Amino acid sequence: MSLEVARDGAGNIVPNAAPQAVNDVVISVATSNGTGSQSANLILMRSIFNMGIPTGAKNMFPSNIQGLPTWFTVRANHSGWTARKKHADVVVCMNVESVEDDVANMRPGDTLIINKSLYGKVKRTDLLVHVVPFDELVVPVCPDTRLRKMVVNILYVGVLAHLLNIDLEELKKAIARQFGSKVKAAELNTKAALHGYEWAKANIPAHPKLKLQRMDKTAGKIVIEGNQAAGLGLVFGGLTFLAWYPITPSSSLCENAIDYLEEFRKDPDGKATYAVIQAEDEIASIGAVVGAGWAGARSATATAGPGISLMSEFAGLSYFAEIPAVILDVQRMGPSTGLPTRTCQGDIFKAYHLSHGDCKHPLLLPGSPQECFEFAAESLNLAERLQTLVFVMLDLDLGMNNWMSEPFAPITKAIDRGKVLSSEDLKKLGEFARYKDVDGDGICYRTLPGTDNPLGTYFTRGTGHTEKATYSEKPKDWKGNIDRLARKFDTARTLMPKPVLKTMPGAEVGIIAFGSTDMALEEARVRLRDELGLPTNYLRLRALPIGAETREFIAQHKVIYVVEQNRDAQCASILRLDCPEAATKLQSVLHYDGMPIDAQSIIDGITAAQKAAKERS
Amino acid sequence: MTVGAPTPTAPAVAAKPAGKVNRLGLEQTAYKGAESTLCAGCGHDAITASIIKSLYEYGIEPYRVAKLSGIGCSSKTTAYFLGQSHGFNSVHGRMAAIAMGVNSANRNLVNIGVSGDGDTASIGLGNFLHMVRRNVPMVYIVENNGCYGLTKGQFSATADKGSVQKGGGVNEMPPIDICAMAVQMGCGYVARSFAGDPKQVVSLLKGAVAYNGTAVIDIVSPCVTFNNHEGSTKSQTYARANEDPLHELGFVPFFEQVTVEYDPGTTKLVTLQDGSKITLKKLERDYDPTNRSQVMDLLHQANKEQLFLTGLLYTGDAGKPLDEQLNLIDEPLATLPASRIRPPPEALAKVMETFK
Ligand SMILES: Cc1ncc(C[n+]2csc(CCOP(=O)(O)OP(=O)(O)O)c2C)c(N)n1
Ligand code: SF4
Ligand SMILES: [Mg+2]
């Protein structure tokens with residue numbers, strides 16, 4: 001490491017932190033999975049958020065129920081930048097398994113709070129270290145030995161409250177909120193937190209530079225996970241059928257949807273206006289979704305990469321037979337188990353072309369919890385409007401981490417059931433051909449099983465068919481049909497959410513990004529401009545296929561950096577297919593180590609690319 | 001699948017029928033579909049004819065039926081009956097999954113599913129068992145020819161041990177008994193039959209329609225092109241020579257009175273949920289299809305001795321069908337108005353408070 005630790009005249013370590021270090025701190029807590037540290041960490045985050053300071057949190061957990069190391073980072077930032085930062089300013093070490101690595105990764109001058117029993121492992125002399133006898137401190141506040149493993153966690157929150165000046169009243173409120181009706185647990189935790197606080201006050205100084213101080217930037221805001229938002233979006237979008245098979249990181253999306261369905265979608269007599277099936281595998285989930293979509297339900301499933309693979313054949317059937325269906329893909333790393341608890345945007349290309357024989361599916365790309373909510377709802381409309389499979393692409397970072405957001409406004413757009421003909425419509429029309437492009441937009445009219453009019457009857461199959469849905473292997477029929485499907489996909493371009501464009505004066509460089517990258521990207525842009533004099537224009541894709549706006553953006557810029565969280569530049573590849581003339585203008589900045597993307601990585605990627613370009617010319 | 005009384009809507013076809021009509025005033029032609037494209041003499045076509053006859057005689061409005069199938073020669077046949085019903089020839093082995101969705105979306109539909117032995121017992125076995133376990137209301141017909149017809153005659157998982165392939169290969173593995181599996185999974189209506197015994201097939205089909213829940217009928221249906229030779233245990237000749245009916249079956253629909261006097265010593269009556277009755281006249285065996293332990297013994301024996309026993313193997317309580325387990329409202333979810341499926345803005349505001 002080239003960084004030298006700074007020392008003052010007396011030889012004391014000067015802690016890291018920008019000179020202006022009020023309300024700008026990253027705290028990382030290393031614990032062991034299954035010790036109940038999650039509640040303590042959420043309380044920590046809440047306390048800071050309640051002080052009016054923009055706060056975000058990332059939970060880096062293992063694929064394990066108990067025992068493996070887990071990290072929770074909280075970033076509080078006065079400017080609202082709450083994306084991941086690679087390094088924490090304050091590290092709390094509670095886990096013997098990871099302590100050596102955790103300490104090794106710290107920058108000189110960072111602050112370490114370490115459990116006394118682990119202190120022997122610390123070999124560094126360039127850190128600001130506070131040794132806390134957590135195991136002793138917990139004894140007097142928690143007589144029940146079985147609970148100590150859990151209660152010890154809230155003690156470090158108390159210590160941090162002193163170190164960083166967290167408001168004790170907000171801490172108490174956060175504890176009460178976390179434990180809700182479990183009053184006893186709340187009391188115990190409050191007592192322990194205050195005990196930790198008092199101990200710290202008596203034994204360690206407040207941080208000389210880092211300080212939290214009340215501000216007013218979170219009033220009225222919410223903290224929510226993308227999976228909670230998307231689950232809610234399905235319910236308010238008029239979902240009537242959900243089938244799923246548990247897989248991290250998508251399970252909580254379905255579980256949230258189910259909770260809200262139970263709360264809001266039952267008649268007074270307890271009868272449900274929805275159906276949920278926990279299927280036996282992902283083939284069955286998507287099969288049931290397609291069956292329900294065919295029969296007229298607004299139906300969806302949620303899964304992750306391995307599930308997507310199993311859904312491949314039905315994805316193609318939905319496309320060819322034109323059956324509405326929605327898959328919410330909460331992306332994670334790799335096949336098989338891969339890194340099931342790590343994030344990426346690695347399913348973009350696969351989802352876009354899932355199945356065989358010229359398949360293309362619309363993808364919604366939410367970039368915030370707000371959009372998880374809106375797009376989950378809108379996906380049901382689009383699936384029925386376009387009569388096809390629609391993906392909503394979340395990722396683990398967006399889906400399972402805590403994000404600050406404005407409260408969601410009610411959805412004002414009416415529920416769209418698409419082109420469905422009733423028995424009366426059929427009577428008026430006097431004719432019906434399931435796959436005839438009556439309106440010239442590639443979208444045909446459909447009828448639902450159970451429609452009481454023989455005119456509306458048709459037979460659905462994946463095989464070649466005529467406009468009247470009769471069996472055909474004639475080249476003309478096959479080609480005519482898939483050419484129409486291509487036209488329908490062009491119609492989709494006009495119906496998908498438009499990209500969001502953000503410009504800076506004097507900018508020549510363009511950036512395209514999407515999904516959970518957004519927050520880190522906005523931060524990177526400000527720093528690129530302010531620190532490196534590089535203003536940029538930013539187009540945030542919110543859907544694929546692209547429409548005219550994106551083409552125009554690409555045409556207007558000489559160089560466009562496509563920032564995404566995968567190795568193979570999957571989104572850039574799709575953009576190149578749509579804009580072959582711009583293929584060489586699109587340069588990739590990629591991040592794919594399993595961790596959520598951070599602003600520094602984006603800055604490094606863009607500056608490296610700029611440097612390389614300069615050297616070439 | 002309980003069909004019950006016809007809905008008040010007028011039948012869709014033929015205002016003035018010339019020929020014989022059923023209780024809805026429909027002729028049998030109203031239950032026909034497209035021309036079959038299967039090989040002449042294929043057992044599947046015989047089953048199609050029985051399906052048409054049974055649905056006609058029972059009297060179902062075609063528009064209330066959803067025809068479901070997987071992939072295979074057998075699965076194609078949903079196009080060959082009920083031309084006035086919606087049909088879905090879906091994905092190989094996945095009819096069961098489709099059916100779960102269809103029943104959830106519209107519980108008023110009468111689901112008639114046709115699958116093959118490959119479709120059900122090979123690729124689709126897992127989904128099939130789970131569907132039975134869930135008691136998805138449907139008539140689940142397996143047209144069982146012991147081979148993959150559509151991919152040209154490879155053995156399927158129902159081929160009997162020792163059965164010979166057209167090319168001479170011998171199957172060394174034990175067969176998967178679809179009926180035994182269904183019973184094991186708690187199915188409340190399990191039958192086996194032979195395509196060449198239309199009288200029995202028709203009675204069993206009507207019973208399946210009258211039954212509310214998953215009704216599985218495994219029908220041996222010879223593939224005349226690939227599995228009809230000497231040494232095959234699913235050939236026409238073999239099936240005809242070896243069919244061993246457990247009882248003589250009859251069916252009295254709910255809308256007809258039981259007119260014949262039945263001797264309780266020789267004939268058993270089984271009443272289904274909609275009031276229809278199946279009559280079982282004793283033949284050689286003293287067999288009670290409502291006795292679950294007897295059916296397992298029987299199937300075990302049949303398997304060991306390679307007996308081709310046909311008839312109603314088992315019927316009994318299978319618990320609530322899927323739509324009742326889901327506690328669904330009466331009307332189809334598919335056609336609920338927007339006001340019933342989007343909670344009001346106050347509900348969202350309430351949820352938002354919990355995240356503040
Ligand atoms: C996923 C998949 N694998 C393989 C096939 C090829 N295939 C089509 S039909 C069939 C077997 C059908 O056998 P069965 O269900 O017994 O129907 P039969 O033709 O004998 O009536 C196979 C293997 C397919 N359509 N899909
Ligand atoms: S190949 Fe066999 S199963 Fe298929 S249609 Fe011909 S006879 Fe029937
Ligand atoms: Mg077969």
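**Close-up views of a predicted two-chain model**

**View 1. Lining of the largest pocket.** Helix H11 of chain A supplies the largest share of the lining of the largest pocket, 4 residues. Helices (H or I, at least four residues) and strands (E, at least two) are DSSP runs, numbered from the N terminus. The model is predicted: local features need pLDDT of at least 70, side-chain atom pairs count only at pLDDT 80 or more, and totals for chains, interfaces and linings use all residues. Residues are numbered from 1 along each chain as its sequence is written, chains are lettered from A and ligands numbered from 1 in the order in which they are written, and side-chain values use heavy atoms, with hydrogens and water left out.

The largest pocket has a volume of about 910 Å³. A:Phe459, A:Arg461, A:Thr463, A:Tyr471 and B:Asn89 are the closest to its centre among 40 lining residues. Helix H11 (312–321) and strand S16 (459–461) of chain A each give two or more residues. Domain 2 (225–405) and domain 3 (423–495) of chain A each contribute at least three (bounds from an automatic or database domain assignment).

**View 2. The largest cavity.** This cavity holds about 320 Å³ of space. On a 1 Å grid over the protein atoms alone, a cavity is a set of points where a 1.4 Å probe fits but cannot get out; a pocket is an open set with protein on both sides within 12 Å along at least five of seven lines; lining residues have an atom within 4 Å of a point. Grid points are joined across faces, edges and corners, and a volume is the space filled by probe spheres set on the points. Of the 20 residues lining the largest cavity, B:Asp160, B:Arg192, B:Lys234, B:Leu307 and B:Phe308 lie nearest its centre. H9 of chain B gives the most to this lining, with 3 residues.

**View 3. The magnesium ion (ligand 3).** B:Asp117 (OD), B:Asn145 (OD1) and B:Cys147 (O) are its protein donors, lying 2.1 Å from the ion. Donors are N, O and S atoms within 2.8 Å of the metal (3.2 Å for Na, K and Ca); water is not among the atoms, so sites may look incomplete. B:Asp117 sits in helix H4 (residues 117–123) and B:Cys147 in strand S5 (residues 147–148), 30 residues apart.

**View 4. The shell around ligand 2.** Residues with a heavy atom within 4 Å of ligand 2 include B:Cys39, B:His44, B:Asn145 and B:Phe226.
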